[in-house]
Amino acid sequence: MFIKRSDYDGVHSGQISFPGGRFENGDSNFEYTAIREANEEVGIAQSEIEIEGMLSRVHIPVSKFTVHPFMSFGNKIPELKKDDNEVKEILLLPFLEFLNHSNKIETTVTVKDGMIRQVPGYHINNHIIWGANAMMMAELVWMFAE
C-alpha cells in the first residue's frame, strides 16, 4: 500500500510514499509512530496492524528525516479511509509487479533547489516509485524474492 501525498508547500508534495510520518511527543517508539500514522493517513484501525519486522533505516537528505520503516502484512485489504488533508490517493500496488525486472527504471526527477537527477525506481500501474520508497521496496524484493 502506497499513498500519493496531497499537494502542499514542501519537498514531498504530491509524491508517492508509504503511509508514515514524523515521530511526535506521546509516541512511545518508532513502531508506535508507524502504526499511528497508518491509522491517521489511511484509516487502518490500530488494532488491525501487526508489525512483522523492520527494514533498514533510510536517511532523506532533502527533508533531513531518517525513516524507520516497519512491515505489516494482512490476509485481506482493510477498510480504508484517506485523510484528505495529507493523502490525495491510496494506491494498492501488487507486490509481484515489483519482482518484474521490466518495471525497474531510471527516471529523471527534480529535487531540492531545482537540481535534476537520474534515479532508480519502479514504474508500476502508471506510477513512479523512486527515492527512499524505491530503496525500501528493493529491500523487500531482495528479502522475499531471493
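Phe 73 counts as partly exposed, at 49% relative accessibility; here buried means under 20% relative accessible area, exposed over 50%, and partly exposed in between, with a 1.4 Å probe and protein chains only. Phe 73 sits in the loop between β6 (70-72) and β7 (87-91), where helices (H or I, at least four residues) and strands (E, at least two) are DSSP runs numbered from the N terminus.

A quick word on the ground rules. This is a predicted model, in which local features need pLDDT of at least 70 and side-chain atom pairs count only at pLDDT 80 or more, while totals for chains, interfaces and linings use all residues. Residues are numbered from 1 along each chain as its sequence is written, and side-chain values use heavy atoms, with hydrogens and water left out.

Back to the sheet: β8-β9-β10 is the order of an open, three-stranded sheet with antiparallel pairing, two strands being paired if DSSP finds at least two bridges between them. β8 (104-110) and β10 (127-130) are at the edges with a single partner strand each, so one side of each has no neighbour in the sheet. Between β8 and β9 (residues 116-124) there are seven antiparallel bridges, and Thr 107 stands opposite Val 119 in β9.

Now the salt bridges, meaning a side-chain nitrogen of Lys or Arg within 4 Å of a carboxyl oxygen of Asp or Glu. The whole structure has seven of them, including these:

| Pair | N to O distance |
|---|---|
| Asp 7 and Lys 88 | 2.8 Å |
| Glu 24 and Arg 36 | 3.6 Å |
| Arg 36 and Glu 40 | 3.0 Å |

Asp 7 is exposed at 53% relative accessible area, whereas Lys 88 is partly exposed at 39%.

What about Arg 36, buried or exposed? Arg 36 is buried, with a relative accessible area of 7%. Arg 36 and Glu 40 are four residues apart in helix α1, so about one helical turn separates them. Through shared partners, salt bridges join Glu 24, Asp 27, Arg 36, Glu 37 and Glu 40 into one network.

Thr 33 also belongs to helix α1 (residues 30-42) and is buried, with a relative accessible area of 4%.
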